[in-house]
Amino acid sequence: MARVVIADHLLVYTGGQHVVELPAASFRELLEALDERWPGAREAFARCAVAIDGQIYQDAYLEPIGKDSEVFFMQRIEGG
Amino acid sequence: MSEAIDYKVIGTSPIRPDGVDKVTGRAQYGADLNLPNQIYGKVLRSPHAHARILGIDTSRARAMPGVFAVITGADFPESERGAIGGEGGGDVSDLAKNIMARDKVLYHGHAVAAVAASSQSVAEAALAAIEVRYEVLPPVLDLLSAMQPDAPLLDPNCFTKNLPEKPERPSNIAAVMKLGRGNVDEGFAQADVIVEGEYRIPMAHQGYIEPHACVASANEQGQTTVWCCTQGHFEFRAMTAKVLRMNIADLKFIASEIGGGFGGKTVVYLEPLAVLLSRKARRPVKMMMTREEVFRATGPTSGAICRIRLGARRDGTFTAASAWLAYEAGAYAGAPMGPGAMTVFAPYVLEHFQVEAFDVLVNKPKVAAYRAPGAPQSMYAMECAIDELSIRLGIDPIDLRLKNAAEAGTQAPYGPKFPPIGLKACLEAARVHPNYTRPVPAGAGRGVAVGFWFNVGMQSSAEVHINENGTVTLVEGSPDIGGSRASMCMMAAETLGVPYEQIRALIGDTESTGFSNVTGGSRTTFATGMAVVRACEDIIAQCKARAAATWGVDADQVLWEDGRAIPAPGVNAELKPLSLAEIAGNAARTGGPLLGRASLNAQGAGAGFSVNFADLAVDRETGKVDVLAFTAIQDAGKAIHRAYVEGQIQGGAAQGLGWALNEEYIYDEQGVMQNAGFLDYRIPVASDLPMIDTQIIEVPNPSHPFGVRGVGETPIVAPLAAAANAVARATGVRIHDLPLAPPRVLAALEAAGG
């Protein structure tokens, strides 16, 4: 089960739950699992950047997630 | 530290391929293009910072000889809502209204109409003939006033986002963000010393030398070509298509050379207007901003108010920190409060912290990105607080930072654990640097500060064409702002094993190469460079297959070494190596032209850290501050072109020092900017600054073939606090608000008793 940490600005979609453990072998599956747990959350989460085991991805759709992975949702990062 | 790899090209500093054209005036910038039958577009701008548009009468302008087209907000299609997409973010509807006001003007200089005419003078006369009736509203110019519940509203439909429940009343606070970990009360209870303060950082402009300019030419079917100076022509095409509800296939964007951007040319202002005017006029339309328009109507970076509280034990260990950060968004939501919140404590190990950040609407231009958007403001406050702590505890400022510095495995405040990073290496290098170990000049103070930026990857494309004599043409989609063509050629040369001089790089237009996001976010050398390396690897694979076919062996029996295909050990020793030129010259017989390509969405950008220290002296009679010495140390991961990396670091230092010492938007009570020109908005010039000494640290980013992290943004972060901390140590007076211009410094010294 991946340990998923929800950024504060997304807590509105999770009823305030900050950490959740979900079965997912990829980021795509994780989005599905989140949407199943909190219907309608997928779009907001898909807009985020995500860090999987320390590596930040702006678009992680196809990235694999390990059984013991740590996943952090965070704001997308821009730049000048 | 960096594993020593014996590169032949990477890490050198060859002459840039675009240099001769730039220094001889041949290079074509945004305003240099002219087309047959071209006419000129000009924009009528609001004289009020906040007003309702009651009516616009363009009839007199339309009737003037030489006027071909007039447009107002009514000529634009109904805006769709939703994200712009791409690197900059934001909302399409807001973008459209920022380009041309509809029912309200929200800042002085907001566009309300545009004309296209036979000459610039006729266009200006036509603007003067347009009558706009306004209901003037009170402007909201101050952050704290704008956040009050009873403040005049810029947008009555703006309800603060990211709250647990949608608020009942609209507000100028467009969004809030919170970050936190641990228990700050517990952390502060463990502290022996607590410092706190409120810091104000002014709105500042990127100060790019080239004003915005473009030419649009629409044909009778509506297909339109746009030439413009931009950090990203693909994203400009997308924004223009969304604002005008056009088919993206009907728009072709060609990027000119660019005279600076620093984030400010990631957003469209003129391009949709020029397209619309050209469609109406049926002629090419050229539009060029004046410097005054650049200041009044394009996006600077946010002014901010940052409150910091920091606690530590006597040995210097941080126990807790809190930050309250309010950022000016300007007229529409989208201040960089998120990056500000995520960066403020990023360099340090903190068990207990909390951050609260606000995106606040004010009647000023909608902000745009500026190098490391959001980080200089919040990190200025934190780095000043650390300096105060250093003084209170009597600990050297570098030692204090080293004691608390993040390293690989540290959980970043914004979530994940850091992979290998170079902060400690930068601090160690600073501690023993001869500029740091020498005495502080008499009468001066030495300030230290740390900078940080995430860096990003995103989408890039590259193609590598091998010409019949083995020379190389490299096509990329990233506009070259800081010398990236040279860096791309160097990475291609290193990968292919051919001389740098045999490679030519060009920036393809939106119809001739694959999509690439903007040149921004310190991503181009990292992401586009990765695409170039992959495209070269594609070429090598093809060359090995061609050599194998020529030799009658399997492809896996061929190696690529020093730009040649050679037989693998144990394979027929009689085979003579085939150079790239030989393989290319024989390409017709082995399958046709050699073309390698790669498109990717680069992941794994490596965080960049820097340490700056500076010696500044203060004239106690005038308040003038002089920079005597400045040293910038930064982890580049791997410097591809060393001189360009040094140039990025020096440029960021100069801009950061300008922001610290002089630069600010000055408004009157009606919201009219009082210093909209380089005479009154004073950026540093060469005579203002000493040589910026640089030291490049190389802790490779494992996600890039050569270890690149990206270097363009981190350099602007630390100079603000390095300068302020130096002034505080030189004078014994802590001035919290920037810029440290003579009147403010003098007033602070006098208030402190001289």
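**Exercise 1.** In which loop of chain B is A686(B) found? State also whether A686(B) is buried or exposed.

*Solution.* The model is predicted.
Step 1. Locate the residue: A686(B) sits in the loop between helix 19 and strand 26 of chain B.
Step 2. Read its relative accessible area, which is 72%. Exposed means over 50%, so A686(B) is exposed.
Step 3. Look for a residue from elsewhere in the chain: the C-alpha atoms of A686(B) and A654(B) are separated by 9.2 Å, and the two residues lie 32 residues apart along the chain.

**Exercise 2.** Describe the β-α-β unit of chain B that includes helix 19.

*Solution.* Step 1. Name the parts: strand 25, helix 19 (residues 642-661) and strand 26 of chain B make up the unit.
Step 1. Check the strands. Strand 25 (residues 625-635) and strand 26 (residues 692-697) of chain B run parallel and are joined by six bridges. In one of these pairings, F630(B) has I692(B) in strand 26 of chain B as its bridge partner.

**Exercise 3.** Work out how helix 11 and helix 20 of chain B cross, and which residues meet.

*Solution.* Step 1. Take the axes: those of helix 11 (residues 375-393) and helix 20 (residues 719-731) of chain B come within 8 Å and cross at roughly 35 degrees.
Step 1. The crossing of these two helices is right-handed.
Step 2. List the contact residues. Helix 11 of chain B contributes P376(B), Y380(B), E383(B), C384(B), D387(B), S390(B) and I391(B), while helix 20 of chain B contributes L720(B), A721(B), A724(B), N725(B) and R729(B).
Step 3. Sort the residues of this contact by kind: seven are nonpolar, two polar and three charged.

**Exercise 4.** Give the strand order of the open three-stranded sheet in chain B, and find the helix that lies across its strands.

*Solution.* Step 1. The order is 20-21-22 (chain B), with antiparallel pairing.
Step 1. Strand 20 (558-561) and strand 22 (578-579) of chain B are the edge strands, each pairing on one side only.
Step 2. Strand 20 of chain B pairs with strand 21 (residues 564-567) of chain B over four bridges, and W560(B) stands opposite A565(B) in strand 21 of chain B.
Step 3. The helix is helix 16 (residues 524-551) of chain B, which lies across strands 20, 21 and 22 of chain B and runs at about 130 degrees to strand 20 of chain B.

Conventions:
Residues numbered from 1 in each chain as written. Chains lettered and ligands numbered in written order. Predicted model: local features only at pLDDT ≥ 70, side-chain atom pairs only at ≥ 80, totals over all residues. Heavy atoms only, no water. Axes fitted to C-alpha atoms, helices over the stretch in contact; angles between N-to-C directions. Left-handed = near helix turned anticlockwise from the far one by under 90°. Contact = heavy atoms within 4.5 Å. Nonpolar A, V, L, I, M, F, W, Y, C, P; charged D, E, K, R; others polar. Pairing = 2+ DSSP bridges. Right-handed = clockwise from strand over helix to strand, strands pointing away. Buried < 20%, exposed > 50% of the residue type's maximum accessible area, 1.4 Å probe, protein only.
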